Amino acid sequence: DLSKVFNKLLKRAKLREDFEEVSISRDEYSVAVCMDEVMRLMEESETILFTHLIGEEFTREKLVTYFLSILELAKIGKIKVGQKANFDDIIIRRGI
């Protein structure tokens, strides 16, 4: 279930932010920019894992923005998302 994986990653981001000083910046990530980045990466590879997309060190803002971007890209048919099993990484594939 995508929402369970998202919540698991969100908790991981929160734990990291609890121990780090966080400065609030405005619009470090935007859905449009993240969508462009996902599509650029899809030109290089047919499949991307969500955890590779956001990297090892990620903020809550980055996690949420990239998650929204893949949902929007899936909605308009540019990518397909899925999982092999519950709680597995989100697999992003090229759309039709």
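The expected span is 1.5 Å times one less than the number of residues in the helix.

A word on the ground rules. This is a predicted model, where local features need pLDDT of at least 70, side-chain atom pairs count only at pLDDT 80 or more, and totals for chains, interfaces and linings use all residues. Residues are numbered from 1 along each chain as its sequence is written, and side-chain values use heavy atoms, with hydrogens and water left out.

Now the overall layout. The chain has four helices and three strands. Along the sequence, the pattern reads α-α-β-α-α-β-β. Helices (H or I, at least four residues) and strands (E, at least two) are DSSP runs, numbered from the N terminus. Of the 96 residues, 31% count as buried. Buried means under 20% relative accessible area, exposed means over 50%, and partly exposed lies in between (1.4 Å probe, protein chains only).

Next, contacts, meaning heavy atoms within 4.5 Å. Take the contacts with a separation of 6 or more: 66% of them come from residues 24 or more positions apart.

Let's look at H2. H2 has 14 residues and reaches 20 Å from first C-alpha to last, close to the 20 Å expected. Its buried residues are Cys34, Met35, Val38, Leu41 and Met42. Seen down the axis of H2, these fall within an arc of 125 degrees, so they line one face of the helix. That arc is taken from the directions from the helix axis to the C-beta atoms. The face turned away from the buried side carries the exposed residues Val33, Asp36, Glu43 and Glu44. What covers the buried residues? The cover includes strand S1 (47-49), H3, H4, strand S2 (79-82) and strand S3 (91-94).

Back to H4. Its buried residues are Lys62, Leu63, Thr65, Tyr66, Phe67, Ser69, Ile70 and Leu73. Two of the names in that list are worth a stop. Thr65 is buried because its relative accessible area is 9%. Leaving out residues up to four places away in sequence, Thr65 touches Tyr29, Ser30, Val31 and Cys34. Ser69 counts as buried because its relative accessibility is 0%. After H4 comes Gly77, whose phi is positive, near 85 degrees.

On to the core. A nonpolar core is a set of buried Ala, Val, Leu, Ile, Met, Phe, Trp, Tyr and Cys residues joined through side-chain atoms within 4.5 Å. The largest one has 22 residues, and Phe50, Leu53, Ile70 and Ile92 have the most contacts inside it. Helix H1 (2-19), helix H2 (31-44), H3 and H4 each give two or more residues to this core. Ile70, leaving aside neighbours within four places, contacts Val38, Phe50, Leu53, Ile79, Val81, Ile90 and Ile92.

Last, the aromatic rings. Rings of Phe, Tyr and Trp (its six-membered ring) pair if their centres lie within 6.5 Å; planes under 30 degrees apart are stacked, over 60 edge-to-face, and the rest tilted. The count comes to two aromatic pairs. One of them is Phe50 with Phe67, edge-to-face, at 6.1 Å centre to centre and 85 degrees between the planes. This pair links distant parts of the chain: Phe50 sits in helix H3 (residues 50-54) and Phe67 in helix H4 (residues 60-75), 17 residues apart. Phe50 is buried at 0% relative accessible area, and Phe67 is buried at 10%.
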